[in-house]
Amino acid sequence: MLPVFVPFSLIGGLLPSFSLAANLYVLALGGGMMLAGMSSRLPRRAAPSGLLPGVAWWLVPVAVFVVVEVITFAMGSTHDYPTLSLLADPLLDGYLVRSLAYFGWLAGFWGLVRR
């Protein structure tokens, strides 16, 4: 399935970052993958029996980033206190990095949907 994601990520890389077209593209791809993953046509992979002990240390920075994003969204994002999305915007200006980000998102989401 991963070779199918290459054209999708190349098309997604053409869209300007954080634009309406890019958001609709992400919603359409995510919805399509969720429908495909929830159907009984595709084989499912076995879910792990439990979380490994090191996973908690990876969840701590993710939780901190989520809290920062939620607080910034609630207070209103300004240039004095940028959100992580604003910090990622200069990186996502380039076509290659934006295409790689789409590919990573597609591959990661597909792995989650198939469980």
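Helix 1 passes helix 5 in a right-handed crossing; a crossing has this hand if the near helix is turned clockwise from the far one by less than a right angle, and is left-handed if anticlockwise. The model is predicted: local features need pLDDT of at least 70, side-chain atom pairs count only at pLDDT 80 or more, and totals for chains, interfaces and linings use all residues. Residues are numbered from 1 along each chain as its sequence is written, and side-chain values use heavy atoms, without hydrogens and water.

Helices are DSSP runs (H or I, at least four residues), numbered from the N terminus. Helix 1 and helix 5 pack at an angle of about 140°, with their axes 8 Å apart. Axes are lines fitted to C-alpha atoms over the stretch in contact, and angles run from 0 to 180 degrees between N-to-C directions. Helix 1 is therefore oblique to helix 5. Angles under 35 degrees count as roughly parallel, over 145 as roughly antiparallel, 65 to 115 as roughly perpendicular and the rest as oblique. Among the residues that meet are Leu-2, Phe-5 and Phe-8 in helix 1 and Tyr-102, Leu-106 and Trp-110 in helix 5. Contact means heavy atoms within 4.5 Å. By class, this contact of helix 1 with helix 5 has 12 nonpolar, 4 polar and 1 charged residues. Nonpolar covers Ala, Val, Leu, Ile, Met, Phe, Trp, Tyr, Cys and Pro; charged covers Asp, Glu, Lys and Arg; the others, Gly among them, are polar.

Helix 1 (residues 2-14) also packs with helix 2, at an angle of about 160° and with the axes 11 Å apart. Helix 1 is therefore roughly antiparallel to helix 2. Their crossing is left-handed. Phe-5, Phe-8, Ile-11 and Gly-12 of helix 1 touch Tyr-25, Leu-29 and Met-33 of helix 2. These residues divide into 6 nonpolar, 1 polar and no charged.

The axes of helix 2 and helix 5 come within 10 Å and cross at roughly 25°. Helix 2 is therefore roughly parallel to helix 5. The crossing is right-handed. The contact residues divide into 13 nonpolar, 2 polar and no charged.

The largest pocket has a volume of about 320 Å³. A pocket is an open set of points on a 1 Å grid where a 1.4 Å probe fits, with protein on both sides within 12 Å along at least five of seven lines; lining residues have an atom within 4 Å of a point. The volume is the space filled by probe spheres set on the points, which are joined across faces, edges and corners. Helix 5 gives the most to the lining, with 4 residues. The lining has 8 nonpolar, 2 polar and 1 charged residues.

How values were computed. Helices (H or I, at least four residues) and strands (E, at least two) are DSSP runs, numbered from the N terminus.
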